[in-house]
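The following exercises are to be worked with the sequence and the model in view. Each task is followed by a solution in steps.

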Amino acid sequence: MGKRVAVVLAGCGVFDGSEIHEASAALVHLSRGGAEVKIFAPNIEQRDVVNHLKGSPTDEKRNVLVESARLARGNIQDLAELKVSEFDAVIFPGGFGVAKNLCSWAVDGKNCTVNEHVNSTLQAFHKAKKPIGLCCISPVLAAKVFPGCEVTVGQDKNVDGRFPDAETASAIAELGCKHICKDVSESHVDEANKIVTTCAFMCKAPLHQIFDGIGTMVEEVLKLA
């Protein structure tokens, strides 16, 4: 029987929700790994709604669960209903929605607060010693909730202009966590905490390299599960 994995989304679209390519990549790799997947999202209002053509906010109001249902093809549940006993692992794809809707990192940086259901989900999997996979900006969730953990968001310097958000690594370190420098095709495994991270779109890289990097994260999560 395949591993049972929960995937937690943050909306639909890179600028105000889950990064679609990252969510899809995680689901493809989970499928290839034989995992049984259920998708969740918090039933809350988005922090903002961004016109993805113009890159600017609009006056619309949208719901994170309703928007995430687009990616889940309608087969999704409220994160409040997730029971850790029913799963072997959890994965959080990235996207600005993580930093806006799952926590307030986009506004408050290292002083952010984490959504109560996101926090309780992370704590429950960690307490049960079940693996947690995070990519792109999502590792900041682990950095905030689990002081002292090890994560990667890529590099801590903007190497060759490929890591424009390298300062995130410094903020993670300021939270008392250890940032591990990795390239886009790699992931880092924090064995002690069973946290697996990869940088994904935190690196300016071809889509296939981001896809492959997420594949290494999923593979390591399934190994630990």
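A residue is called buried under 20% relative accessible area, exposed over 50%, and partly exposed in between (1.4 Å probe, protein chains only). Helices (H or I, at least four residues) and strands (E, at least two) are DSSP runs, numbered from the N terminus. The model is predicted: local features need pLDDT of at least 70, side-chain atom pairs count only at pLDDT 80 or more, and totals for chains, interfaces and linings use all residues. Residues are numbered from 1 along each chain as its sequence is written, and side-chain values use heavy atoms, with hydrogens and water left out.

**Exercise 1.** Determine which residues of helix 7 (residues 167-174) are buried, and how they are arranged.

*Solution.*
Step 1. Thr-168, Ala-169, Ala-171 and Ile-172 are the buried residues of helix 7.
Step 2. Viewed down the helix 7 axis, these buried residues fall within an arc of 160° (taken from the directions from the axis to the C-beta atoms), so they line one face of the helix.
Step 3. Glu-167 and Glu-174, on the other side of helix 7, are exposed.

**Exercise 2.** Identify the elements against which the buried residues of helix 7 pack.

*Solution.*
Step 1. Contact requires heavy atoms within 4.5 Å.
Step 2. The partners are helix 4 (105-108), helix 6 (139-145), strand 8 (150-151) and strand 9 (178-179).
Step 3. Just after helix 7, Gly-176 adopts a positive phi of about 90°.
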